[in-house]
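Please look over the sequence and the model, then read the notes below.

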Amino acid sequence: MTHPIRIAPSILAADFSKLGQEVRDVVDAGADWIHLDVMDGHFVPNITFGPDVIKSLRRYTEATFDCHLMISPADGFLEAFAKAGCDILTVHAEAGPHLHRSLQTVRSLGKKAGVSLNPATPESAIEYVLDTVDLVLVMTVNPGFGGQKFIDATAEKIRRIKAMIGDRPIEIEVDGGISPETAAIPAGAGANVLVAGSAIFKGGSVEAYRSAIQAIRAPAEKARR
Ligand SMILES: O=C(CO)[C@@H](O)[C@H](O)COP(=O)(O)O
Ligand SMILES: [Fe+2]
């Protein structure tokens, strides 16, 4: 199944003092989804924000809220993130012992279920949950921080996941180190959702966001298969 290329700016790199305006601006600039990085200081060595912040951002746009939960365990918070207005809830395969249950819970809350893999986790970790997910998020850096370098070895993992998925309607997302220079690598391997934080928000204006989004989208669309 062919999905469109989607660009999902990560607000981790936005100006936190005016997050609502940043979300509005990046949607005006052509963002398809808004990527929200939730970090707990336990699963990853950084802390960001929780459901209350997401709920307050929901007022600024109707764009899809793509919530990347870097929290462990995640299950006790899924309902709160669903109620806050997340459309996609992605849990890490490494975050808890009952991945299948977490994904079932997300779907029972009426949300799209995503599963994410750290760079060191093999694709076999998600083999038995593929019928329970709408999205696979392949981390192309180690989670926790923006501004890191894209890990080239992840391209092979994306190709393998694409083959495993077959004709299921699952989207493949990549996250970390995505820029105009690297975007063609994951797109050529089979990813269709590209998260980018620093490469988009470093511009600081709607016009700069628009050209950064286009500079990522163009090579990805050219490379995609
Ligand atoms: O989940 C994460 C980091 O853990 C990401 O979503 C980053 O926010 C991506 O930032 P850049 O690598 O694009 O700067
Ligand atoms: Fe992320």
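The model is predicted: local features need pLDDT of at least 70, side-chain atom pairs count only at pLDDT 80 or more, and totals for chains, interfaces and linings use all residues. Residues are numbered from 1 along each chain as its sequence is written, while chains are lettered from A and ligands numbered from 1 in the order in which they are written.

**Helix α4**

- L99, S102, L103 and V106 are the buried residues of α4, which covers residues 99–108.
- Seen down the helix axis, these buried residues of α4 fall within an arc of 95 degrees, so they line one face of the helix; the arc is that of the directions from the axis to the C-beta atoms.
- A residue is buried if 20 or more other C-beta atoms lie within 10 Å of its own, exposed if 12 or fewer, and partly exposed in between, with C-beta atoms placed from the backbone.
- Helices (H or I, at least four residues) and strands (E, at least two) are DSSP runs, numbered from the N terminus.
- The partners against which the buried residues of α4 pack are α3 (78–84), β4 (88–92) and β5 (112–117); contact requires C-beta atoms, placed from the backbone, within 7 Å.
- G110, which follows α4, has a positive phi, near 80 degrees.

- In β4, 5 of the 5 residues are buried, so the strand is largely enclosed by the rest of the structure.
- I88, T90 and H92 point one way from β4, whereas L89 and V91 point the other way.
- In a regular strand, side chains alternate between the two faces of the sheet.
- Strand β3 (residues 64–70) runs parallel to β4 and is joined to it by 4 bridges; C67 has L89 of β4 as its bridge partner.
- β4 also pairs with β5 in the parallel sense, over 5 bridges, and T90 has G114 of β5 as its bridge partner.
- Two strands pair if DSSP finds at least two bridges between them.

**Crossovers**

- A right-handed β-α-β unit is made by β3, α3 and β4, and another right-handed unit by β4, α4 and β5.
- Right-handed describes a path from the first strand over the helix to the second that runs clockwise, with the strands pointing away from the viewer.

Key
Contact = placed C-beta atoms within 7 Å.
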